[in-house]
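Colleague: Could you take me through how to read some features of a protein model, giving the general idea before each case?

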Amino acid sequence: MLSREERIKWFLHDRFGMFIHWGIYAIPARGEWVRSQEGISIEDYQPFFEEFDPIYYNPREWARAAKEAGMKYAVMTAKHHDGFCLFDSQLTDYKATNTPAGRDLIKEYVDAFRAEGLKVGFYYSIIDWHHPDYPAYGDRHHPMRDNEDWKDREKDKDFSRYIEYFHGQVKELVTNYGKIDIMWFDFSYDDMTGEKWEATRLVEMIRKIQPGIIIDNRLTQHGDHDDPKPYSGDFASPEQIIPPEGIRNQKGELIPWEACITMNNNWGYAAADKDFKSPKQLIRALVECVSKGGNMLLNVGPDAKGQIPKESLKILAEIGEWMKQNCDSIYGCGIADLPKPEWGRYTQNGNRLYAHIFDRGIGAIAVQGLNHKVKRARLLADKSEVNTDTPWTSMHYGDAIFINLPSSQLPDDIDTVIEFELT
């Protein structure tokens, strides 16, 4: 079995991936939690299953959009909380092959993303609002949690049957689709955590079949960074927020982590949600993650026809334009041994230090702590030389060097990246 250091190496290099939330919840188009939030019964949700027919689903187009955005890997929902499977599971009839789609949509995803040279991962919800043995009445999240008609059903449930179903589906996913790079579980809560899922047995099975796979930390509610269990995961997964100093254990050691971020306010397709973040926000968020030793997994929520929303595609294209010129400051980079500057952030890869300048300020831009340490300085976007002469007004800046830009405006308003080759 590979060590975590060996398994995680590619992940720490690639830094940027695509999250894909897709399922029959794209038809009501109010987000992936619509059943829970609106208390929708299985019967009232069934029409969406019966009409699911994504006629424009072309995962090769999705893969190209991800690749052109500079993403190196993807994670797609094989099954979300509603229990609907995009893959051809032999353990349920509640799957895409029994809808008008009539085929294994996960297989097509895997084949398409691999063809574009991207690594592939599966999201799998460990909760299930469709399975008859999953707790419903009184559960914190189940759509029927407050429905008195479901109260008496709990005594007939056998949670061990659900565990065997859940483990069996995961075994299908890690067995039937070739090499899988990431298994992304979601999520533990209350007493539904750790060995409640028989998590040690699950992880041992996964690693036996896929020894190089990396697994997130959501089989447990906590990272267990200081007392890791077999199921604690290879990386932490903060959601919709970027930790202030990355994620560290009590010794101060950095833990591999990845922030998952939506483009608007929903993971699954939400037709009315047009509150999209700007490419500038998302590029700077990616830079912030890398500057703190983390990755960013950026979400798209395709619609019921299988189309990534045009707003998302436009954002991906603009991120791709920036990445095309500046990806060296992302791939293989991590924390720099310098305090955060007031004008932006640093990332570093060996003797290459990248200054990400967000704010122009007045006069020359001071880079503290680098005097006599820089061999050359270049604008990363075009490799043009950057003037680092020390201005006569610099007597208060100690061991700083200075970036002297010829204009009062930054060359790139999103993020102007200066590459320093250090001695």
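Modeller: What follows goes through salt bridges, a strand and some backbone angles in turn. This is a predicted model, in which local features need pLDDT of at least 70 and side-chain atom pairs count only at pLDDT 80 or more, whereas totals for chains, interfaces and linings use all residues. Residues are numbered from 1 along each chain as its sequence is written, and side-chain values use heavy atoms, with hydrogens and water left out.

Colleague: How many salt bridges does a search of the whole structure find?

Modeller: A salt bridge is a side-chain nitrogen of Lys or Arg within 4 Å of a carboxyl oxygen of Asp or Glu. With that criterion, the search of the whole structure finds 31 salt bridges. One of them is formed by K67 and E116, whose closest N and O atoms are 3.8 Å apart. K67 lies in helix α4 (residues 59-68) and E116 in the loop between α5 (105-115) and β3 (119-125), so this pair ties together parts that are 49 residues apart in sequence. Helices (H or I, at least four residues) and strands (E, at least two) are DSSP runs, numbered from the N terminus.

Colleague: Are K67 and E116 buried or exposed?

Modeller: Buried means under 20% relative accessible area, exposed means over 50%, and partly exposed is in between, using a 1.4 Å probe and protein chains only. K67 counts as partly exposed at 44% relative accessibility, while E116 is buried with a relative accessible area of 12%.

Colleague: Which residue forms a salt bridge with R161?

Modeller: The partner of R161 is D133, and the closest N and O atoms are 2.9 Å apart. Because R161 lies in helix α6 (residues 159-175) and D133 in the loop between β3 and α6, the pair ties together parts that are 28 residues apart in sequence. R161 is partly exposed at 43% relative accessibility, and D133 is buried, its relative accessible area being 7%. Salt bridges can also be linked in a network, as they are for R352, K375, R376, K383, E419 and E421.

Colleague: Why is strand β1 described as largely enclosed by the rest of the structure?

Modeller: Burial can be read residue by residue along a strand. Five of the five residues of β1 (residues 16-20) are buried, so the strand is largely enclosed by the rest of the structure. F16, M18 and I20 point one way from β1, with G17 and F19 pointing the other way.

Colleague: Which strands pair with β1?

Modeller: Two strands pair if DSSP finds at least two bridges between them. Five bridges join β1 to β7 (residues 294-300), which runs parallel to it, and four bridges pair β1 with β2 (residues 73-79), again in the parallel sense. M18 stands opposite L298 in β7 and also opposite A74 in β2.

Colleague: Which residues have a positive phi although they are not glycines?

Modeller: A29 has a phi of about 60 degrees and E198 a phi of about 50 degrees. A29 is found in the loop between β1 and α2 (34-38), where it counts as buried at 13% relative accessibility. E198 lies in the loop between β4 and α7, is partly exposed at 30% relative accessibility, and meets R201 in a salt bridge of 2.7 Å, N to O.

Colleague: Where is there a cis peptide bond?

Modeller: The cis bond joins D186 and F187, with omega about -10 degrees, and F187 has its place in the loop between β4 (182-186) and α7 (199-209).
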